[in-house]
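This briefing is for a reader who is new to the structure shown below. The points are grouped by topic and can be followed alongside the sequence.

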Amino acid sequence: MQAYFASLSLLKLLKNMPGGIAQGLIWGVMALGIYITFRLLDVADLTVDGSFTTGGACAAMLILAGKSPWLALAVAMAAGILAGLCTGLLHTKLGIPAILAGILTQFALYSVNLHIMGMAANKALNVDKYPLLVSSRYVPAAIGKGAAIAVVLVALMYWYFGTEQGSAIRATGDNPAMSRALGINIDNMKVLGLALSNGVVALAGGLMAQYQGFADINMGRGAIVIGLAAVIIGEVISRAVFKKYLNFAVTLGFTVLGGVLYYLVVVVVLWLKLNSNDLKLFTAVIVALFLSVPHFRDRAQHSFRRKKAGEVSGDA
Amino acid sequence: MLELRHVSKTFNPGTINEKKALTDLSLHLAPGEFVTVIGGNGAGKSTLLNAVAGVWPVDGGTILLDGEDITAWPEHKRAVHIGRVFQDPMMGTAPNMQLEENLALALRRGQRRGLKWEVTKVEREDYRALLADLGLGLEDRLTAKVGLLSGGQRQAVTLLMAALRRPKLLLLDEHTAALDPATAAKVLELSDRIVSEAHLTALMITHNMTDAIRHGSRLIMMDEGRIILDIDGEAKKKLTKRELIDRFAQSAGYQLESDQTLLSKN
């Protein structure tokens with residue numbers, strides 16, 4: 001035991017933190033996409049595990065072909081939009097439940113992604129040879145650019161979901177019956193929301209491939225769980241800090257922060273020398289815990305159990 | 001304004017739960033007519049409204065709105081011309097959106113929803129005035145989430161929303177049934193005011209005979225998917241509850257014990 005603690009170096013943890021922040025920012029960007037489906041459309045969209053990889057694969061191949069990383073990101077985003085479109089059409093035109101539609105698209109994307117990467121499971125991107133936008137070799141720059149992209153995206157989403165069209169998407173998620181009665185074509189809105197969401201997720205995939213220096217067929221595995229973790233951690237923390245519901249832009253900001261915090265926890269876990277193969281189990285437990293927070297908070301407020309005299313009820 | 005020709009609808013056809021909800025029903029509403037619909041449970045009142053709103057397609061017959069055949073139109077397309085208030089106060093508004101956002105959504109009923117900002121400054125002042133008119137103190141809560149409002153408040157807001165962009169037809173589906181009597185009376189009075197001020201054509205379902213008699217310019221009574229009674233003009237004004245029960249017995253072929261029986265007849 002003593003030997004174990006002696007082997008942990010605080011300095012090493014601190015050294016790994018900036019890298020964790022950079023990677024967390026990219027997960028945070030992806031979480032912004034997941035926020036669109038999970039919170040605004042009220043759908044858990046499992047397409048993202050596939051579309052994240054699609055984004056990474058597209059970006060890697062284009063950069064390897066000598067195209068600019070910006071163009072690579074744009075194409076990655078477009079590919080993600082197409083993936084979301086597939087899920088949306090499976091759901092609305094063929095009547096397949098949203099969760100299943102997402103699983104189907106994700107499953108199919110595995111083959112598609114292999115094709116994109118020329119039937120290779122892995123494509124390396126050397127930062128010395130290609131002008132990558134972000135790279136784990138230059139962490140401070142990656143943090144700066146990652147944060148800038150997150151800020152621009154939050155601003156764009158704040159604007160879009162404040163417009164007539166964006167509001168119609170939000171209304172569709174909030175009350176579909178009312179939306180229909182107000183003349184909103186809710187099927188179209190669902191397809192649009194799913195497409196936009198996967199576009200953002202694929203963009204994050206394109207960033208991740210550049211940051212880690214390779215695209216991998218399995219890089220998107222568990223993306224939905226990490227995204228949910230980021231959304232929920234962001235919400236729980238913002239509510240704990242401000243004790244009220246916040247402006248949309250601030251909520252989105254906290255979602256990005258949630259991604260960063262999630263990844264910092266991962267860094268700590270790795271630093272503790274826990275087996276990295278247990279990371280997914282660990283993540284699932286963390287997400288389950290955070291997902292249950294609203295439930296238990298509700299229970300605490302509306303419990304049949306009598307409160308002891310003088311005991312104050314939870315924050316209302 | 002609204003015309004139904006030989007409309008029929010059967011639920012679960014061919015099964016043990018088969019239910020003929022509308023049987024060869026024809027109805028014509030002149031512009032500006034305010035029709036109250038009364039009848040027991042399962043008489044087909046809500047089915048009639050849902051058929052007009054396009055919740056599902058009808059089995060047969062034609063539905064015309066302002067001369068246009070809308071029988072094959074999907075719900076969201078009919079919504080361009082039809083305003084609706086539901087029985088469930090939770091159903092007509094988006095709980096997690098702000099009051100002004102809800103009104104703005106309603107203002108764009110039937111319009112193209114583009115990339116313009118949803119709630120404009122000018123609109124906001126209009127909403128404030130309209131809400132002040134309700135007398136519920138909502139004019140100071142424009143940015144409150146609608147989910148925080150009471151059932152009565154939400155139903156009043158839904159009414160306002162349904163009429164915000166003047167519809168060709170207003171459908172009120174027992175929209176006061178879930179409210180307490182005092183609030184129900186207020187919302188009914190508001191319905192009257194909105195219908196008469198904007199000269200709307202309206203169909204209102206109610207379970208309450210007194211309300212059916214007191215409100216609107218015409219009364220129809222339904223039983224087993226048919227219209228069995230249709231009273232308007234002077235006759236409607238002079239109608240009493242007693243008379244309504246008697247005429248129900250004449251038309252339906254069986255006796256009603258009281259108002260209460262009509263409420264619970266199944």
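**A loop residue at the chain contact**

B:Gly114 is found in the loop between helix 3 (99-107) and helix 4 (121-134) of chain B. The model is predicted.

- B:Gly114 is exposed, because 9 other C-beta atoms lie within 10 Å and a residue counts as exposed at 12 or fewer.
- Apart from its neighbours within four places in sequence, B:Gly114 is in contact with A:Glu164 and A:Gln165.
- B:Gly114 and B:Val187 are 73 residues apart along the chain, and their C-alpha atoms are separated by 33 Å.

**The contact between chain A and chain B**

- Chain A contributes 18 residues to the contact and chain B contributes 25 residues.
- On the side of chain A that touches chain B, the elements that give two or more residues are helix 7 (164-174) and helix 8 (176-181) of chain A.
- Helix 7 of chain A gives the most to that side, with 7 residues.
- By class, the residues on the side of chain A that touches chain B are 7 nonpolar, 7 polar and 4 charged.

**The six-strand sheet of chain B**

- An open sheet of chain B is formed by 6 strands in the order 6-7-8-3-9-10, with mixed pairing.
- Strand 6 (82-85) and strand 10 (226-232) of chain B are at the edges with a single partner strand each, so one side of each has no neighbour in the sheet.
- From one strand to the next, the twist averages 20°.
- Helix 9 (residues 241-252) of chain B packs on this sheet and touches strand 9 (218-223) and strand 10 of chain B. The direction of helix 9 makes about 140° with that of strand 10 of chain B.
- Strand 3 (residues 34-39) and strand 8 (residues 202-205) of chain B pair in the parallel sense over 4 bridges. B:Val37 has B:Ile205 of strand 8 of chain B as its bridge partner.
- Strand 6 and strand 7 (residues 169-173) of chain B also pair in the parallel sense over 4 bridges. Opposite B:Gly83 stands B:Leu170, in strand 7 of chain B.
- Both faces of strand 6 of chain B are covered, with B:Ile82 and B:Arg84 buried on one side and B:Gly83 and B:Val85 buried on the other.

**The four-strand sheet of chain B**

- In chain B, 4 strands form an open sheet in the order 2-1-4-5, and the pairing is antiparallel.
- The edges of this sheet are strand 2 (19-29) and strand 5 (68-69) of chain B; each has a single partner strand, so one side of each is left without a neighbour in the sheet.
- Strand 1 (residues 2-11) pairs with strand 2 of chain B in the antiparallel sense over 7 bridges. B:Phe11 stands opposite B:Lys19, which is in strand 2 of chain B.
- Helix 1 of chain B lies across strand 1, strand 2 and strand 4 of chain B and runs at about 65° to strand 2 of chain B.

- B:Val55 is in the loop between helix 1 (45-53) and strand 4 (60-65) of chain B.
- B:Val55 is partly exposed, with 17 other C-beta atoms within 10 Å.
- Not counting residues up to four places away in sequence, B:Val55 touches B:Asn50 and B:Glu75.
- The C-alpha atoms of B:Val55 and B:Ala212 are separated by 25 Å, and the two residues are 157 residues apart along the chain.

**Helix 2 of chain A and its partners**

- Helix 2 (residues 10-41) and helix 6 (residues 139-160) of chain A have axes that come within 9 Å and cross at roughly 20°. That angle makes helix 2 of chain A roughly parallel to helix 6 of chain A.
- The crossing of helix 2 of chain A with helix 6 of chain A is left-handed.
- Residues in this contact include A:Leu25 and A:Val29 of helix 2 of chain A and A:Ala150 and A:Leu153 of helix 6 of chain A.
- The contact of helix 2 with helix 6 of chain A has 17 nonpolar, 3 polar and no charged residues.
- The axes of helix 2 and helix 11 (residues 248-271) of chain A come within 6 Å and cross at roughly 140°. Helix 2 and helix 11 of chain A are therefore oblique to each other.
- Helix 2 of chain A passes helix 11 of chain A in a right-handed crossing, and the residues of their contact divide into 20 nonpolar, 8 polar and 1 charged.

Key. Residues numbered from 1 in each chain as written. Chains lettered and ligands numbered in written order. Predicted model: local features only at pLDDT ≥ 70, side-chain atom pairs only at ≥ 80, totals over all residues. Buried ≥ 20, exposed ≤ 12 C-beta atoms within 10 Å, placed from the backbone. Contact = placed C-beta atoms within 7 Å. Pairing = 2+ DSSP bridges. Axes fitted to C-alpha atoms, helices over the stretch in contact; angles between N-to-C directions. Parallel < 35°, antiparallel > 145°, perpendicular 65-115°, else oblique. Left-handed = near helix turned anticlockwise from the far one by under 90°. Nonpolar A, V, L, I, M, F, W, Y, C, P; charged D, E, K, R; others polar.
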